[in-house]
Amino acid sequence: MRRPARIFLFGLLAFFLLGLLFSSVSASSEEDAVLSDQTASDGGAEPIKVDIPSSSSSRELPEDVKPITDEDLGKAQKSGQKFEFQAEVNKMMSIIVRSLYKSKEIFIRELISNASDALDKIRFMSLTDKDALKGNPDLKISVVADPARKTLTIRDAGVGMTKAELQKNLGTLAKSGTGEFIKALENKTADMGLIGQFGVGFYSVFLVADKVTVVSKNNNDKQHIWQAESESDFTIYEDPRGNTLGRGTEINLHLKEDAVSYLEDSTLETLIKKYSEFINFEIYLWRSKTKTEEVPDEEAQKEEEEKKDDLEVEDVEEEKAEKPKTKTVTKTVHEWELMNGRRPLWTRNPKDVSETEYKDFYRGFTKDFDDPLTWIHFRAEGDLDFRGVLYIPSRSPPNWMNTVDSALRSIKLFVKRVFITDELVDFLPKYLGFVKGLVDSDDLPLNVSRETLQQHSLLKTIKKKVIQKALEMIKTLSADEEKYKRFIKEFGTALKFGVLEDAKNKKKLLKLLRFQSSKMKGENITSLDGYTSRMKKGQPQIYYLTGSSVEEIERSPFVETLIGRGYEVLYMPDPIDEYLIQRLTTYENFPLQSAAKSGLKYGDEDEESNKSVEKLMETYKPLSEYIKTTLSEFVEEVKVSNRLTKSPAAIVAKDFAYTGNMERIMQAQAFRGDDAMLRYYASMKKIIEINPNHPLIESLLVKVQNDEGETPAVKEAVQVLYETTLLRSGFNVNDLDRFAGRVETVVRRVLGVDLEKSAEVDLKPAPEKDAEEEAKSIEAEDVNEDDEKDSHLHDEL
């Protein structure tokens, strides 16, 4: 075909398409006019106006979702019947809007929960009635948003309602005692746990909607429409469209202006998964998606053919087949998407759940990338029936022990597989805040706010049992030494905090504690039971020592004799250990003894050893009295030590005084202000123990016996010995300048340097400003003063 002929044909096609376009616009205008006239002329009850958006803004809806039109309602109104809400319903709706539900999004939870109940009922009926599911065998819940009409539709294939049930269930609160309950509710004296028995969850729709239409079909009645636009009355119609549902209920919410965000696909998906992910029935959301696909490129094909027509070539019998030109286009499609693909694992028998399923559930449930350390799947039966799954993560949450939030959001509460809240204040004690999981109860009320639920008596019972299960899980984990080492590394401090916080479970927690010790080095740890099983014959005490690190404890003079003789010493390098040990005075009838405090006993002391100690004390009595006199400002008592081997001396704390480590911890406390207790303990005079076998102590004894104690050198040596002993014993030296000066004096004597000679330094004075720089500086100061005056004047104005 030549080019002129092709152009002529395209021209004819263009005129034809323009003609179709103009005729379509004209027909559309006429239809709109007819529809408007019909609506204006309809009589009967006041019509419900539905905005019909233009085709450009309307959203593609599923084939089985047919919005109710003005024409449908106009026909229905002829047989419609208007009813007034029961007085208690008006009060209930007012309370719901004002106080019961703190978050508007709760309506999604309530409607899907009701839909699930309706599906449960029809499924139960089908067990005895084989025809119960015939009208609609597909037991599911579907959610459709129509932004153009500002409507949200939630449909289920449940049992449905008859006309009488629509009037009764959605217009009255027929339970006896409702009036008294409402009055108590207004006075804030009602048991909020009862509210779930009155079926008020449906009325949460008025949090977000100013007009509600309910279409319902029961197997025993025709399909009817229930509609309400106010809190005073509602109307019930027979649906003129006939049976469009097969069976079930469809709720259409005409959303308020401040609630249109609930029409967004992402918002609906988030809320459905948040509250209803584990509902027994499938929940589908009608949503839009963007897809790309390859389509024929007609323009490119046309240009290619035109180029061929312009070429003067000879005809050939066969033309080589060419691949058609294509292009990539993006288009928006609408389709159903399943929202709750994961089944509620906790409702299954633990024997039927694999390890992989538990791990996959944990990662999806907590959004943690790592596998859990362990878990426990349980069911509590008795006065209260509930199920749960608890996990211990492999890593501790960042700063979870330091958060001031009393609701750690670590446990999610479900009622009948419907998510209620994760803001359970003080549900788990702080020391168990790392435990992740959920509990699901059929006995708790569903239709109450989380604030009300906090005070429910059944929740307190659940709390106690969950704590017991968490401790049981940790105890089971302790049988696996390697895993328990990892647990202690991440959460060991939390257990110690639990001993301080949870008096009821103190004994259980003590069994779970682990410590490093002189016989458990590296990553090895021991329990208190393990320690007591290795105690020496006749050992009367459990020995421990606190410090800032294991290395510091190992080098401490306090453990020299203990370790040297083969006794085991527990190492406690955590700051919380100092507080723990104040509450943990005994374990299995063995007192805990700090190696840094007085009262240390080995259990093998006899009359001969006591005489030997008395003899040494008598020998070193002159030195003891000399040290006590020289250091009278700081020392209360000087003793001959039975705990030192390599060190010349040690500062020992009294039974109820601060050790050096505790004193450092107290001084490091932020915002401690003027701590009178710290000042009291810090000012207490110390007990110094001397090592009679150390050459320094032996030499000092000789000096004192030779009346050389009054010489400055000996006094200086005793002072330096005391201050260095303070440091080695974990205490701080109050006057570091004087301490440094004494050390320098000792060094001078050793090196033979004159004690009075000072360093000679020739200091070069800093240069002064010249006249020009001085003038600039004065000028800059004047400018700053003027700016400040202007600023004050501006503030006054």
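A: Contact, or touching, means heavy atoms within 4.5 Å. With that in hand, let's start at Ser594: leaving out residues up to four places away in sequence, Ser594 touches Tyr544, Leu545, Arg643 and Thr659. Two housekeeping points: this is a predicted model, where local features need pLDDT of at least 70 and side-chain atom pairs count only at pLDDT 80 or more, while totals for chains, interfaces and linings use all residues. Residues are numbered from 1 along each chain as its sequence is written, and side-chain values use heavy atoms, with hydrogens and water left out.

Ser594 sits in strand β19, residues 590-594 (strands are DSSP runs of E with at least two residues, helices are runs of H or I with at least four, and both are numbered from the N terminus). Is Ser594 buried or exposed? Ser594 counts as buried because its relative accessibility is 4% (buried is under 20% relative accessible area, exposed over 50%, partly exposed in between, with a 1.4 Å probe and protein chains only). A polar atom of the Ser594 side chain lies 3.1 Å from the backbone nitrogen of Ala596.

Next stop is Tyr587, in strand β18, which covers residues 586-587. Tyr587 is also on the buried list, because its relative accessibility is 5%. Setting aside neighbours within four places in sequence, Tyr587 is in contact with Leu510, Lys511, Leu528, Asp529, Thr532, Ile542 and Leu592. Take Leu528 from that list: Leu528 and Tyr587 are 59 residues apart along the chain, yet their C-alpha atoms are separated by 7.8 Å.

Now for a helix pair. Helix α12 (residues 481-501) and helix α17 (residues 575-583) cross at roughly 35°, and their axes come within 9 Å (axes are lines fitted to C-alpha atoms, for helices over the stretch in contact, and angles run from 0 to 180 degrees between N-to-C directions). The α12/α17 crossing is left-handed, that is, the near helix is turned anticlockwise from the far one by less than a right angle. On the α12 side, the contact is made by Thr493, Lys496, Phe497, Val499 and Leu500, and on the α17 side by Ile576, Asp577, Tyr579, Leu580 and Arg583. By class, the residues of that contact split into 6 nonpolar, 1 polar and 3 charged (Ala, Val, Leu, Ile, Met, Phe, Trp, Tyr, Cys and Pro count as nonpolar, Asp, Glu, Lys and Arg as charged, and the others, Gly among them, as polar).

Back to Arg643, one of the residues that Ser594 touches. By residue number, that takes us to an open sheet of 3 strands in the order β20-β22-β21, with mixed pairing (two strands pair if DSSP finds at least two bridges between them). The edges are β20 (635-640) and β21 (649-652); each has a single partner strand, so one side of each is left without a neighbour in the sheet. Ignoring direction, neighbouring strands here are turned by 25° against each other on average. Strands β21 and β22 (residues 686-690) run antiparallel and are joined by 4 bridges; Glu689 in β22 is the bridge partner of Ala650. Packed on this sheet is helix α19 (residues 621-630), which touches β20 and β22 and whose direction makes about 160° with that of β20.

Strands β10 and β13 are the edges of an open, mixed sheet of 5 strands ordered β10-β11-β14-β12-β13. Arg379 lies in β10, residues 374-380, and counts as partly exposed because its relative accessibility is 39%. The Arg379 side chain makes a polar contact of 2.8 Å with the side chain of Asp385 (a pair of N or O atoms within 3.5 Å; within protein, one must be able to donate a hydrogen and the other to accept it, and residues adjacent in sequence count only if both atoms are side-chain atoms).
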